Amino acid sequence: MAAYLQWRRFVFFDRETVKEPSGLDGAGGKPFALPPGIAVCDSGRGSLVFGDMEGQIWFLPRSLQLSSFQAYKLRVTHLYQLKQHSILVSVGEDEEGINPLVKVWNLEKRDGGNPLCTRIFPAIPGNKPTVVSCLTVHENLNFMAIGNLSPSPGFADGSVVLTKGDITRDRHSKTQVLHEGSYPVTGLAFRQSGKTTHLFVVTTENIQSYMLSVKDYPHLELDTHGCGLRCSSLSDPSQDLQFIVAGNECVYLYQPDERGPCFAFEGQKLIVHWYRGYLIIVSRDRKTSPKSEFAGNEAQNSDKQVLNIYDLCNKFIAYSSIFDDIVDVLAEWGSLYVLTRDGKIHVLQEKDTQTKLEARKSVLLFVSALCLQDCAGSADWKVELFRSMLFRKNLFEMAINLAKSHHLDSDGLSEIFRQYGDHLYNKGNHDGAIQQYIRTIGKLEPSYVIRKFLDAQRIHNLTAYLQTLHLQSLANADHTTLLLNCYTKLKDSSKLEEFIKTSESEVRFDVETAIKVLRQAGYYSHAVYLAEKHVHHEWYLKIQLEDIKNYQEALRYIGKLPFDQAESNMKRYGKILMHHVPKETTELLKILCTDYQPSGDSEGMLEGKKANSEEFIPVFANNSRELKAFLEHMTEVQADSPQGVYDTLLELRLQNWAHEQDEQIKEKLHNEALTLLKSGRFKTVFDKALVLCQMHSFKDGVLYLYEQGKLFQQIMHYHMQNEQYKKVIEVCELYGDQEACLWEQALGYFARKEEDCKEYIAAVLKHIENKNLMPPLLVVQTLAHNSTATLSVIKDYLVNKLQKQSRQIEQDEQRIQKYREETTRIRKEIEELKASPKIFQKTKCSICTSALELPSVHFLCGHSFHQHCFESYSESDSECPTCMPENRKVMDMIRAQEQKRDLHDQFQHQLKCSNDGFSVVADYFGRGVFNKLTLITDLPVGKAAATIEAGLQRELLTHTKRST
């Protein structure tokens with residue numbers, strides 16, 4: 001029995017007869033009929049194309065509105081419609097007895113309403129009459145091949161004419177005979193693979209392949225048997241563009257260099273086509289007797305013909321039907337169109353994939369019923385039922401193959417895989433089920449599968465699924481955790497290492513999750529490997545320090561990190577490292593805070609960075625020795641270290657000094673601390689340094705800081721507390737000029753002492769007397785508290801003070817008498833000016849010094865001016881230009897005094913800081929601060945009176961200024 005009879009048969013196509021479109025009156029429904037005499041046909045670019053025996057070419061669009069034009073005078077013998085271009089190539093005859101003509105039509109351009117013919121040339125070079133057997137055109141319009149037959153009686157030879165170049169133009173193409181043989185050429189096909197072009201040539205006795213991309217067109221004979229006319233075709237990429245040749249017993253597939261598989265399909269083949277992964281074969285019904293000259297050439301006999309549609313990938317027959325005298329089978333608009341000799345057109349519409357699957361299920365149920373019926377009389381019916389179950393399993397495989405061949409979307413395929421997996425899982429075939437579930441990855445929710453295989457006995461299946469999930473980069477953190485737990489449960493170290501030791505570009509899992517799981521499971525070495533490889537510094541150090549306890553390795557790892565990571569990790573883990581490896585940790589911190597470069601950067605290409613040493617001081621808790629070494633190193637190599645470094649170093653040195661018992665070492669520590677204080681690094685933190693020195697009773701440091709902070713009173717109080725009298729006097733002598741109250745405090749201090757301090761009191765009184773620091777009454781009151789101080793102690797002071805006061809009183813009385821006399825004189829002069837006339841006897845101008853001439857200007861002050869000189873130099877009509885500058889100074893002084901009358905804060909400050917407070921009070925009394933006086937004068941009656949009054953005031957001011 002033929003192999004194809006073993007293939008399952010399905011009805012995956014619906015057959016209908018094409019009917020005429022309905023008219024305006026609704027009439028229609030009659031079968032559509034083609035014009036008589038149709039000889040050849042083709043399809044493409046949205047139309048079915050026909051050629052008849054009258055030389056006309058017909059176009060049938062989807063609307064079924066036929067149109068035609070006269071292409072040849074006699075007949076059309078061949079048509080080829082390109083699929084990617086609106087180009088139609090035809091072969092026909094215009095006269096009897098001459099070579100057929102090839103015409104190239106551009107369907108997008110028109111010439112008088114007909115398609116434009118761009119080229120006409122004979123099918124065969126020369127004048128020898130020939131018959132064209134087949135025609136093919138390359139889609140790039142650069143190749144065209146024509147097969148020919150010899151019409152001479154008794155001969156059956158054939159040749160192939162190749163046209164290379166632009167087939168639409170005469171100038172850009174070249175025609176040559178490619179093949180000559182003794183057998184008729186029955187089929188041609190171009191195959192394009194990359195930049196390589198092949199031409200398949202099939203005759204009745206052999207098959208050859210020509211390589212057109214190489215000079216001289218080398219060829220290879222693929223087989224020694226051929227086929228009849230229209231019994232060859234080229235498959236699509238789903239079958240790797242193989243050349244299909246249908247003989248009477250088998251169908252062969254060919255590559256350009258070898259023969260491929262063959263299929264035993266018996267029967268005389270008449271037509272072969274390829275459509276969307278299907279092989280279409282029209283053959284004679286085996287119930288009739290074939291009559292043909294050479295295989296498949298008698299298509300005009302009114303015999304029954306069988307059309308079979310084969311799925312070669314899935315090995316089933318998608319459709320089979322019998323027709324009457326098929327002319328050809330065309331593919332257009334997503335359907336197949338079968339033309340019969342009676343002019344009718346039958347359309348075969350492929351069913352959708354879901355319908356196909358339902359059809360397969362119906363077949364399965366039918367076959368299962370037959371199996372049960374056959375085994376009804378058998379005792380072992382369970383075995384037959386199991387056979388039926390196996391057949392049901394094959395259904396899933398066939399459904400998968402069908403879906404793939406029909407390009408079912410991934411969602412549909414995934415659903416089939418899921419059902420197949422469920423079927424196998426329910427049967428207990430967990431290994432097979434997991435393989436089907438793996439094929440659903442990316443579509444099916446992983447939790448659906450994971451729940452089924454959580455049992456410990458199926459952990460290896462779950463591991464396989466999770467591995468594939470990670471390989472496709474679809475796993476999340478939970479899946480990674482579960483997979484690693486599976487590895488640890490199985491104790492499969494090799495798989496675990498293979499999983500984690502993938503290259504960085506191939507990592508398909510969450511690294512941090514993997515590290516956590518491995519650490520929790522105790523696989524510390526694997527976790528450390530992952531952390532180091534994928535630059536998870538924190539996890540690496542956590543495992544090394546907390547789990548492995550390898551502190552040296554952790555410190556070495558930190559030393560290799562970039563500066564920012566090394567700094568942050570030393571802040572985080574520095575205390576732990578300092579506790580276990582203090583020396584090495586201190587050395588790394590010194591490098592980190594001075595000129596850090598990762599240990600791997602041996603060439604020093606990176607610029608060194610510096611960390612803030614102050615931030616690492618807390619790391620040295622309970623490690624004062626290492627801290628002192630670190631801080632001293634930082635102050636030596638980096639003078640601009642943060643202030644906290646110096647503060648901490650001072651505190652450490654003071655602590656060591658305070659607790660040291662050895663006198664020599666203590667003296668050394670004393671000098672070191674004092675040297676550090678004198679380095680000038682504590683000006684901004686004076687209070688902090690002072691508190692540290694006071695806490696540790698560091699006397700020299702306290703006094704030094706008092707001196708630097710100008711706290712002279714604190715220095716003196718310090719000596720007073722220690723009853724160092726000479727030191728008190730020395731402090732007053734050193735700093736008394738800067739702060740006068742020191743002498744007053746010293747006098748009060750000695751006055752409160754019950755022991756004999758006459759010597760020191762005398763020294764203080766002498767200085768107070770010289771500088772006039774205290775009123776005598778206050779001095780007496782101060783010393784009254786001392787029972788040992790007698791009058792003899794202050795006798796000299798009081799005598800000298802009284803003598804000075806007497807001399808001062810005499811001077812003041814003389815000055816008062818002088819002011820009184822001056823005042824009497826000025827008042828008398830003013831009265832004279834008011835009561836007596838003023839005689840102006842000036843003979844020269846006070847400005848130009850020339851002889852005074854009229855008109856002239858005279859002032860009461862005694863100055864006279866030419867009128868033109870006065871007008872040129874005077875700024876005011878009522879003031880003397882000569883006296884004006886001096887008068888203005890006096891007026892400015894008066895205004896200044898008036899402005900300062902209310903300056904009480906300034907008065908208090910001057911009173912407090914002045915050596916002679918009484919003089920300050922007297923000065924402010926003179927300014928009118930305590931008794932503000934207002935001078936009210938009578939308003940002048942006229943301009944002359946105003947001028948006289950202004951002159952009198954100026955004269956008074958002038959005399960007053962001169963007397964002072």
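View 1. Cysteine 845 is buried, at a relative accessible area of 2% (buried means under 20% relative accessible area, exposed over 50%, partly exposed in between, with a 1.4 Å probe and protein chains only). A disulfide is a pair of cysteine sulfur atoms within 2.5 Å, and the structure holds zero of them. This is a predicted model, in which local features need pLDDT of at least 70 and side-chain atom pairs count only at pLDDT 80 or more, while totals for chains, interfaces and linings use all residues. Residues are numbered from 1 along each chain as its sequence is written, and side-chain values use heavy atoms, with hydrogens and water left out.

**View 2. Cysteine 262 and cysteine 250.** Cysteine 262 is partly exposed, with 39% relative accessibility. Its sulfur is 5.0 Å from the closest cysteine sulfur, that of cysteine 250, which is too far for a bond.

**View 3. The aromatic pair of phenylalanine 13 and tyrosine 278.** Rings of Phe, Tyr and Trp (its six-membered ring) pair if their centres lie within 6.5 Å; planes under 30 degrees apart count as stacked, over 60 as edge-to-face and the rest as tilted. By this rule there are 25 aromatic pairs. Phenylalanine 13 is in strand S2 (residues 13-17) and tyrosine 278 in strand S24 (residues 278-284), so the pair ties together parts 265 residues apart in sequence. Helices (H or I, at least four residues) and strands (E, at least two) are DSSP runs, numbered from the N terminus. Phenylalanine 13 and tyrosine 278 are both buried.

**View 4. The aromatic pair of tyrosine 437 and phenylalanine 453.** The ring centres of tyrosine 437 and phenylalanine 453 are 6.2 Å apart and the planes stand at 80 degrees, so this pair is edge-to-face. Tyrosine 437 belongs to helix H4 (residues 430-438), and phenylalanine 453 to the loop between helix H5 (446-452) and helix H6 (459-471). Both tyrosine 437 and phenylalanine 453 are buried.

**View 5. An open sheet of four strands.** The order is S19-S20-S21-S22, with antiparallel pairing (two strands pair if DSSP finds at least two bridges between them). Strand S19 (232-234) and strand S22 (259-263) are the edge strands, each pairing on one side only. Strand S20 (residues 243-246) and strand S21 (residues 251-254) share four bridges. Valine 245 stands opposite tyrosine 252 in S21.
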